[in-house]
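Subject: Structure handover

Hello,

Here is the structure for your files. My notes on it follow below.

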Amino acid sequence: MAVAGGLAACQPDGGAAANARQANQMTPTGAAATVEIILAPAPASFTATAVPTPTASATATPAPTATPSPTASATETPTAIPSPTSTSAPPAVLTPGQATGWTIAEMAGRAYGGGTLTDRGQVDTPTGFTRTLITYPSDGLTIYGFINVPPGPGPFPVIIALHGYVEPSQYGILSYTTRYADALARAGYIVIHPNLRNFPPSDEGDDVFRTGMTADILNLIAIVQAQGGQPGLLTAADPQRIGLWGHSLGGGLALRVMTISPVVQATLIYAALSGDEQRNFDYVYRASGGKRGAVEYHTPPEIVHEISPLFHLERVQSAVSIHHGGEDAGIPLPIAADLCERLQQLGKTVECFTYAGQGHIFSGRSDDLFIERSWAFFAAHLRR
């Protein structure tokens, strides 16, 4: 499969804006008690290179005005997991019977939910929606985050936005991905942005092969299903229309969740990790000098295969939208191209875009175009 210059059988920059839905500019609703939270800035911008302005036969969506994350003294920089140069691993020391509960099938067979979203007070006063600090329980842990809610009675579709990896000591509740969550909220979606386990101020917990974070997302989906339309923070939520948005680490988690859960109807994957866990953790193990990933690498290869979503894409029922930078040095373009091709071969509903000259985080007109395409994708699959 040729991938030079972009995703094979995928769409280049330009031409998608005609289908994008314009965000509604709305007025914020009432105030709540202000709480003190940890803040972190958006990462440094990349310089867009030779990105054409989209053309369209209909009125194109104007470039959105995204709200950046508040600044702080800490520097928040998402860290990608690049493609490894080798897939060899230390000898397995676990037996298949010891490595339980981590596989796609096992995670799909267990129960989730059983908690509630708790209102921890208004975070700030953005324009066009309200933002509230939340917590919810996940397998005995307390997970923090925020929820953006448009004004009006709804019901609104719900999108769960998943952040990438940032050094935990530099992470804050308002992550670098806040501006994407805000753009979706202004377009009329309820957006829930959790700080997954091991990212402050959420609790720390087990996360072998990132299955703990996966459970955090699946527990949140179950809560939305159970409480959407009921009194509380989810009064205006439609529990039948749920989507995922994920960048980098979050994109890899979205890939696994959509492979496990039949509930998710639309999944957007932005510069995501590989769905092959051997590939991911070979790099983690070697890059850390064996300090991280030892448990994963001591897991038998046949179990790693059953944990990796890339090899279980036949389970996917969600529509999928894949976005990747042509110059992503952290997660190379062929990883996205391979995922795109596999989904196409399985007859899944998938669209794939590459962004010329863009790295791991988009900037300039490419970022505007990415947001426009995000609106169009979710509108096509979550709107009634």
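The expected span of a helix is 1.5 Å times one less than its number of residues. This is a predicted model, and helix H3 (residues 211-227) can be checked against that rule: its 17 residues should span 24 Å, and the end C-alpha atoms are 24 Å apart, which agrees. Gly 229 follows H3 and has a positive phi, near 85 degrees.

The sheet is open and has nine strands, ordered S1-S2-S3-S5-S4-S6-S7-S8-S9, with mixed pairing. Strand S1 (118-124) and S9 are at the edges with a single partner strand each, so one side of each has no neighbour in the sheet. From one strand to the next the twist averages 20 degrees.

Strands S6 (residues 237-247) and S7 (residues 266-270) run parallel and are joined by five bridges. Thr 267 in S7 has Leu 244 opposite. Helix H9 (residues 364-382) packs on the sheet, where S7 and S9 are among the strands touched. The direction of H9 makes about 165 degrees with that of S7. Helix H2 (residues 178-186) lies across several strands, including S6 and S7, and runs at about 45 degrees to S3.

There is one disulfide in the structure. Its sulfur atoms, from Cys 340 and Cys 352, are 2.1 Å apart. Cys 340 sits in helix H8 (residues 333-345) and Cys 352 in strand S9 (residues 350-355), 12 residues apart. The link is right-handed, with 100 degrees about the S-S bond. Both Cys 340 and Cys 352 are buried.

Regards

Conventions. Residues are numbered from 1 along each chain as its sequence is written. This is a predicted model: local features need pLDDT of at least 70, side-chain atom pairs count only at pLDDT 80 or more; totals for chains, interfaces and linings use all residues. Side-chain values use heavy atoms; hydrogens and water are left out. A disulfide is a pair of cysteine sulfur atoms within 2.5 Å. Helices (H or I, at least four residues) and strands (E, at least two) are DSSP runs, numbered from the N terminus. Buried means under 20% relative accessible area, exposed over 50%, partly exposed in between (1.4 Å probe, protein chains only). Two strands pair if DSSP finds at least two bridges between them. Axes are lines fitted to C-alpha atoms, for helices over the stretch in contact, and angles run from 0 to 180 degrees between N-to-C directions. Contact means heavy atoms within 4.5 Å.
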